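Dear colleague,

Please read them with the structure open beside you.

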Amino acid sequence: MITRRAMLTGTLSVAGAGLLAGRAVAATPSVGALHGRWGRTSAAVAVPPAFSVRMPRLPELSPISTLGGVDWYRVVLKETVHEVLPGSQTRALTFDGHFPGPVIRARTGRPVVIRHHNALSDPVSVHLHGGSVSQANDGGPMDTFGPGSSRTYTYLNRQSGAPLWFHDHAHHLESEHVYRGLSGSYLLSDETERSLPLPRGQYEVPLALRDAHFDEAGQLVYVMDDVFGRSTILANGRPTPYFPVAARKYRFRLLNSSNMRFFQLRLSDGGSMVQIGSDGGLLERPHVTDSIGLSPAERADVVIDFSRYRVGSQVVLENTLGPGTPEEVGQVLRFDVVRSAEDPSSVPEVLRVLPAVASLPAPSVHRNIVLSMDEDGREEPRGLMDGKVWQMGRIDQTVRHGDSEIWTVTNANKIIPHNFHMHLVQFRVLERNGGPVGAEEAGLKDTVRLFPGETVKLHATFDTYRGTYVYHCHLLDHSAMGMMANFRVE
Ligand code: C2O
Ligand code: CU
């Protein structure tokens, strides 16, 4: 780990970025210090049997002011202690003391201004994932603010409703920072969405899923590329919890906030779920399915109707994908149907209207992008985008403002899965492996799965902001190893 960090530090300093080299070097002792500081609890804490703790609802932040039609927030990034495993005092890096991070609710057309104060010991950068924002507000990998300082981000919210989220993006630290807790939800809604009779209020539940690796003392263990160690599944920050529900419809706002884990979710009785939205907001039509896939950073908006279950019954949300045994990672949470309730909600046949793929603006440029990672078992695998490790200041793709483009993105690996995320835009997925895409990928997306050998063809229009942004694998351990590149819209 240290050697890999040192290697990246070396790579980055060769880029001639004095500032960056300084930061990267500073990062090493600080991360080392984290490990020392975080291993001190002595009592052994174990992962409990499944369904022994209740799943909490995520806290929602309130604006400190709504003056001038703008929602103003203040958030402090700090280390706090949480009971994640029962009886534990797990140290986490948090937005305002919440693990997992809080929910911010925003409305299309209404700006949000957030002042983040960094009370941590590392530089951070807060990125609004899926947001259409200017470069200055994007929270890019090098646009960090240091310990003791603050940074204000302005989100104009000039995009349609979408379940966005925010997380640290400080290059090479983001992976550990997000793992230790620096992520939160940003649920942007628009008029169309609010006019639909979907489940709301207590029946709309943000749900952040991730994995984690705990030591004997109940502390989070961070080892880069720790694919097999992270074998405890957390739902809203608790290990395989139960969640009491009424026998009616619920809307779950699912976010996979794992660094590297892919989920494939199903109900234990094989019952159906209705996916109504993805990364970029509502789908055009509800998609009835018995299985929902989520790679890291992907979101799914899902309605489950518990009225088909008798009060007193239980149904488990299961995960059918490894790594890890079914005993370890096969169960995510259990819904306990505890009461009946009225249900005025419904899922309309048409949720929104999106331009038909055939009528999207004609692309002026086609690009091919290849993701790969050394998988020959070497000590220090590199993460590569088009054969290159990310370098600050190197513009890898130049896009003409206003243009539409087709990006064909391939995972060249044989074993290692990746995914692909672009800042600034929501795109459409035109093809997967040369064929049509499933209903779950037919809406607006900002992150797309790439199992080994897979190829997707994306259509994006760059008609909002000019500036330099990144695209990367959202398996954050991979992007921290360099699987990232820069594009400039000019
Ligand atoms: Cu979720 Cu580059 O971001
Ligand atoms: Cu990857």
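What volume does the second largest pocket have? The second largest pocket has a volume of about 450 Å³, and of the 22 residues that line it, Val425, Gln426, Leu444, Thr461 and Asp463 are the closest to its centre. A pocket here is an open set of points on a 1 Å grid over the protein atoms alone, where a 1.4 Å probe fits, with protein on both sides within 12 Å along at least five of seven lines, and lining residues have an atom within 4 Å of a point.

This is a predicted model, in which local features need pLDDT of at least 70 and side-chain atom pairs count only at pLDDT 80 or more, while totals for chains, interfaces and linings use all residues. Residues are numbered from 1 along each chain as its sequence is written, and side-chain values use heavy atoms, leaving out hydrogens and water.

The lining of the second largest pocket divides into 10 nonpolar, 8 polar and 4 charged residues. The largest pocket, with a volume of about 530 Å³, is lined by 24 residues, among them Val227 and Phe228, which belong to those nearest its centre.

Turning to Pro197, this residue touches Ser345, Ser346 and Pro348, leaving aside residues up to four places away in sequence (contact means heavy atoms within 4.5 Å). Pro197 and Arg352 are 155 residues apart in sequence and 13 Å apart in space, C-alpha to C-alpha.

With best wishes

Terms used:
Chains are lettered from A and ligands numbered from 1 in the order in which they are written. Grid points are joined across faces, edges and corners, and a volume is the space filled by probe spheres set on the points. Ala, Val, Leu, Ile, Met, Phe, Trp, Tyr, Cys and Pro count as nonpolar, Asp, Glu, Lys and Arg as charged, and the others, Gly among them, as polar.
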